[in-house]
Amino acid sequence: RFYTEIILEHIDDITTYSGFLQTIFPCQKWRLKLAFIRYDFGHDKGNLMEIIVCKSDSETARLAFRLRYEVFGAELNFQDNDIDHTNKIYKDNLDDYARIYVAIKDGKAIATARIIYDRECDFRRLIPEDISRLLGINAFLDHYSGSLAISQKFAISPSHRGSFAASLITSKMYADLLDDDIQFLFSMCAPYLISFYSQLGFHMYAPSIGDDIGMLTPILLVT
C-alpha cells in the first residue's frame, strides 16, 4: 500500500489530495508542501521515508556524501579530485554554501541532491569557470541576481531507482524554491538522462558540450 497526503495551496483556496502519487510538480500558481509522507511496502522491512534538508556539517549530510561516493566514485568511476577514496565520501567546498536534500530510509541515505542559492554564495567567484560557462550563468546574474540557484550532485541508490525518492526530493526542492522566491534552477546532466530530468520539470536550454567525463547538457527548471 502507499499513502500520502499533500496539501496544494492555491492562490484562492486550499485543496487536500490523498491518493497514489504519480509525479506532482506545481506550476507557478501552486505551492506544494509535503505535509505527510508514509510508505507501506507490505511486509518489506522499514516503511518510512523521510526527506531531510541539512547543512554540510550534519551527520545526515555525511550520509549523503557517502551515497554520492557510492554512485559517482564507485559505480560511475568519476575522476574528480574531491572524491575521497580513503574515507569513501564525495564532498567539495561548495557544500558549505549548499542546502543538502536527503531521502532517508532505514537509517540510510537512498537519494540526495544539493541546491546553492546565488544570494548565499558568490557565483561569479566560487562557481568553477567551466560550470559557469556551460550554464551561461553570468548572463542571468546580470538580470536576475538574487533569484538563481544551482542543483548538483543528484544521486540515487541503485536499490531505489524507479522509486518515489527522486520525485519526493524534487517536490520538496520545488516547494522551497517557491517559498524563497527563486525563479531559475540550473543543473546539468548527461544526454541520456534528459528524459528523466524532463519528468522532474527541467528543460534543455543550451547545446550539450563535451568535457573530461563525457557530454553534458545544461538544463533549467523555471518556477
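What percentage of the 223 residues in the protein chain is buried? I looked this up and found 47%. Buried means under 20% relative accessible area, exposed means over 50%, and partly exposed lies in between (1.4 Å probe, protein chains only).

I noted the basis of my values. This is a predicted model, where local features need pLDDT of at least 70 and side-chain atom pairs count only at pLDDT 80 or more, while totals for chains, interfaces and linings use all residues. Residues are numbered from 1 along each chain as its sequence is written, and side-chain values use heavy atoms, with hydrogens and water left out.

**Whole chain**

I looked up the helices and strands. The protein chain has six helices and 13 strands. Helices (H or I, at least four residues) and strands (E, at least two) are DSSP runs, numbered from the N terminus.

Next I checked contacts, meaning heavy atoms within 4.5 Å. Among contacts with a separation of 6 or more, 65% join residues 24 or more positions apart.

**Two backbone angles**

I then turned to phi. Most residues other than glycine have a negative phi.

K153 is not a glycine, yet its phi is positive, near 55°. I found K153 in strand β9, residues 148-156. Is K153 buried or exposed? K153 counts as buried because its relative accessibility is 14%.

D181 is not a glycine either, and its phi is positive at about 60°. I located D181 in the loop between α5 (165-179) and β10 (184-189). Its relative accessibility is 54%, so D181 counts as exposed.
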